[in-house]
Amino acid sequence: MSLHHDVRHGLRIGRAEFVRSFRGYLGNTRRLVGLAIVMLFFGGSLLVGIPAAYFLGRTARSAAAIPFFAPAATALPVALVLLSMFRTLERIGNIEAEELMLLAAHPRAIVIGLITAEIGRLFLWFGFPLGGFIIAFALGVGSPLIVVSGGLIAIPLVCCAAVWGYASGIGVLRLLERLPSMRRFLKASGVLAMIGLVVASQFAGQFLVEADISIQQRLSVFTFDPLVEYIALTFIGTPIAGPISLHAGVVLAAVIVLTPIGLSVSTRQASALWFTETVHSDATTRTPRSRGGFSPPQPFAWSKAGRIAWGILLRGRRHPQELNHLLMAVFFIAPFGTAVVQLSSDAIGPIVAVVGVGLATYFSGAAFGLNPFGDEQSQFPLLLLTETSATTMIRGRLLSGIAIGFPFAVFGPLASVFFGLTVLQAAVTTVIGSAMCLTASMFAVGLGSAYPIYEEREFWGTKTVVPSTLVMMIYVFVVGPGTILGLLATWFAVTGNLVLTPVFSVFFSFYLLLTGGVSYASYRYAIRRYRRYSIE
Amino acid sequence: MPSTDEVPAIRAADLQKMYDSEVALDGLSLTIPAGTVYGFLGPNGAGKTTTMRLLTGLSHPDSGSIRVCGIDIDDRRALASHIGYLPETPPLYEEFSAREQLEYVADLRDISQDVADERIKEYLDRLNLTSDADKRIEAYSTGMKQKTAFIQCILHDPDVLFLDEPTSGLDPRAARTIRESITNFADTGTTVFLSTHILPVVEAVANEVGVLFNGKLVAEGTPAEVQSRATNEGGSLEDAFLAVTSQHETGVTPRDV
């Protein structure tokens with residue numbers, strides 16, 4: 001098959017994939033509302049960013065004078081390759097309706113199509129804000145030509161980064177297919193690396209301020225001058241342009257040569273992945289077995305809700321990818337991590353207790369409560385037609401979340417005893433934390449029932465249904481402050497510093513009423529939705 | 001053969017269902033006596049799955065009424081013990097083994113442990129799943145999943161069984177096992193509402209047939225009646241099905257139907 005033919009097919013595939021994604025984004029009103037909220041949330045930064053870009057253009061005297069231009073120009077292609085690799089691992093390493101596509105088009109055409117669609121999606125999400133910054137900067141410089149030259153410079157770089165990122169991503173997927181144990185190791189190390197990165201980011205700012213280090217100086221070590229000179233071609237014909245260097249031309253030639261080579265490598269890798277049946281040497285290890293049937297341990301066995309909870313927990317343990325969304329907790333815990341280190345030894349005890357209870361409330365609701373209908377979607381024809389009531393089903397889901405959260409509510413305060421809290425203070429914190437676990441999980445099931453997500457997404461070769469990001473955000477923004485307020489009141493009470501003024505009493509009663517009332521209403525709502533659920 | 005019980009197993013009157021502007025069901029009425037094996041036929045998109053969902057209470061009609069075993073379809077709690085439903089996509093937890101899945105379902109269905117153990121063992125044996133019962137369902141073939149899902153929908157000994165393509169994806173041996181199970185259930189008085197494209201299955205087990213086309217019931221009767229009305233003598237049910245549906249597609253009034 002000719003390249004021309006494959007490119008034509010590839011562009012058709014790319015267009016079709018992009019249109020599918022676009023229709024998915026705009027699929028229903030609730031998703032549009034979610035998108036609008038996300039845009040409002042992140043769009044605010046444009047109000048500051050665009051004037052700043054304009055001001056930067058006004059004051060720039062040369063490309064070298066633009067702050068962080070050289071390290072940013074070096075980091076850009078690296079970031080693009082990594083992004084492409086990550087997206088390949090996460091999403092575009094495989095194509096839907098694989099049998100059909102592989103019989104209808106050459107793998108090279110499919111690779112071109114998948115990469116084209118991904119670039120389209122990238123442009124859709126980031127093109128407009130990025131375009132806004134570039135236009136504002138170009139207007140500041142007084143040369144709108146930058147928009148055109150910037151585009152011309154970016155196209156070969158984006159194409160080259162995309163094909164090599166894809167090739168690398170497919171390479172990793174092939175490796176994971178061959179070495180399943182490596183997949184587990186990479187997942188575990190990936191989680192740890194992310195936790196480390198988030199925690200490190202909390203210290204980075206403070207370190208830079210205290211150590212009195214020039215960031216520009218440090219970053220100049222990682223600068224690759226030929227690449228910087230190539231990116232600086234963007235400013236050709238503007239007042240801030242420098243002389244055209246030979247290095248820039250070499251980089252352009254290299255990028256142009258490397259792109260078809262990358263495409264060829266990607267195609268070979270993808271063909272090998274898509275057309276090769278993975279053969280595992282030890283077939284028995286691939287057929288997981290369970291002895292003894294469905295036998296929940298005590299105390300789960302006591303009630304039907306408990307047995308349902310055990311079923312949910314068991315499935316979660318055997319399919320932990322369903323719990324990927326819980327990693328969001330890392331971003332909330334990290335700031336406390338620095339606090340633990342920075343605070344005096346007297347404060348470590350309360351912080352450990354607070355972190356324990358905070359995790360407990362988070363896990364109690366977020367583990368299994370934020371998408372109850374989506375999690376059970378394909379089983380609903382079975383579940384809705386059993387004799388078990390909606391109340392029992394929802395209680396089972398509550399219990400499964402609490403079973404995850406409750407140990408944190410116990411062991412956090414317990415550990416804090418070793419850091420100075422009294423046993424009484426720890427015990428009271430545990431009791432309050434346990435109550436918060438219950439209210440958090442009750443709130444979560446109602447929230448999750450109001451905005452169920454049914455679409456599965458393939459993540460690292462595993463299809464999972466995760467709760468809506470909007471639901472996660474609402475849950476965290478409601479339960480987080482609620483937990484902190486409750487713990488503050490508890491802390492003042494157990495340390496004897498609580499003064500029962502009329503104002504405090506009114507506010508605290510309102511807090512209790514709101515926490516209990518909203519949670520209970522949410523729980524009742526979930527039951528009602530479950531009872532009236534219909535498959536359309 | 002259909003019994004003469006006064007309360008029909010399924011009574012649906014003038015069911016209407018729209019999806020946006022698309023008519024899924026247009027005035028469908030059914031009366032199916034207890035003990036009947038009702039073969040529900042229709043081309044793709046005719047509204048068969050929609051009908052199954054309405055009759056099981058999993059979806060609500062825009063208008064019309066449904067009673068199964070004399071119970072209003074909105075009363076899910078009362079209905080649960082009377083019906084079993086096998087949808088086209090088996091509702092199974094892939095993380096469970098078949099034994100765990102069935103024991104879990106038995107618990108949800110309030111079946112006592114002794115009875116559940118006995119029935120699970122019997123059905124696993126009958127459908128040749130005993131040796132694989134402790135394997136996780138994710139490792140099962142399509143046929144094994146279908147058989148597991150079939151067992152879970154009959155585990156509570158329902159009065160009315162709704163089966164959506166129960167033999168699809170099964171090898172001939174497994175398909176025969178399911179077919180024989182359907183006949184056995186009918187012999188014990190269970191009503192079976194069987195939706196399938198595999199017409200020989202309907203010919204083999206059904207004692208009443210309904211043909212749905214564009215949301216309307218266009219033919220109904222015993223297999224022999226439907227065949228004789230729609231085709232020349234000696235035609236198969238497949239011939240009758242093709243005749244009935246193409247007559248309605250082309251707008252020509254079907255002969256005697």
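Q: How are H16(A) and H17(A) oriented to each other?
A: Two packed helices are described by the angle between their axes and the distance between the axes. Axes here are lines fitted to C-alpha atoms, for helices over the stretch in contact, and angles run from 0 to 180 degrees between N-to-C directions. In this predicted model, H16 (residues 390–416) and H17 (residues 423–450) of chain A pack at about 155 degrees, with axes 8 Å apart. H16(A) and H17(A) are therefore roughly antiparallel (under 35 degrees counts as roughly parallel, over 145 as roughly antiparallel, 65 to 115 as roughly perpendicular and the rest as oblique). Helices (H or I, at least four residues) and strands (E, at least two) are DSSP runs, numbered from the N terminus.

Q: What is the handedness of the crossing of H16(A) and H17(A)?
A: A crossing is left-handed if the near helix is turned anticlockwise from the far one by less than a right angle, and right-handed if clockwise. The H16(A)–H17(A) crossing is right-handed. Among the residues making the contact (heavy atoms within 4.5 Å) are Ile402(A), Gly405(A) and Phe406(A) of H16(A), along with Gly433(A), Ser434(A) and Cys437(A) of H17(A). By class, the contact of H16(A) with H17(A) has twelve nonpolar residues, seven polar and one charged. For the classes, Ala, Val, Leu, Ile, Met, Phe, Trp, Tyr, Cys and Pro count as nonpolar, Asp, Glu, Lys and Arg as charged, and the others, Gly among them, as polar.

Q: At what angle do H5 and H10 of chain A pack?
A: H5 (residues 107–141) and H10 (residues 246–275) of chain A pack at about 110 degrees, their axes 9 Å apart, so H5(A) and H10(A) are roughly perpendicular. On the H5(A) side you'll find residues including Pro107(A), Arg108(A) and Ile110(A), and they meet a set in H10(A) that includes Trp274(A) and Phe275(A). The contact of H5(A) with H10(A) divides into nine nonpolar residues, three polar and one charged.

Q: How are H3(B) and H5(B) oriented to each other?
A: H3(B) and H5(B) (residues 142–154) pack at about 20 degrees with axes 10 Å apart, so they're roughly parallel. The crossing of H3(B) and H5(B) is right-handed. Ala98(B), Gln101(B), Leu102(B) and Val105(B) in H3(B) meet Thr148(B), Ile151(B) and Gln152(B) in H5(B). That contact has four nonpolar, three polar and no charged residues.

Q: How much area do chain B and chain A bury between them?
A: Buried area is the accessible area (1.4 Å probe) that two parts lose on being put together, summed over both. Chain B and chain A bury about 3,600 Å², 54% of it on carbon and sulfur atoms. In residues, 38 of chain B are in contact with 37 of chain A.

Q: How many salt bridges are there between chain B and chain A?
A: The count is four, a salt bridge being a side-chain nitrogen of Lys or Arg within 4 Å of a carboxyl oxygen of Asp or Glu.

Q: Which peptide bond is cis, with omega near 0 degrees?
A: Look at the one from Gln298(A) to Pro299(A). Pro299(A) sits in the loop between H10 and H11 (304–318) of chain A.

Q: Where does Asp110(B) lie?
A: Asp110(B) is in the loop between H3 (98–108) and H4 (113–126) of chain B, and has a positive phi of about 60 degrees although it is not a glycine. Asn214(B), not a glycine either, has a positive phi of about 50 degrees; Asn214(B) lies in the loop between strands S9 (208–213) and S10 (216–221) of chain B.

Q: What should I know about the numbering and the confidence limits?
A: Residues are numbered from 1 along each chain as its sequence is written, while chains are lettered from A and ligands numbered from 1 in the order in which they are written. Local features need pLDDT of at least 70 and side-chain atom pairs count only at pLDDT 80 or more, while totals for chains, interfaces and linings use all residues; side-chain values use heavy atoms, with hydrogens and water left out.
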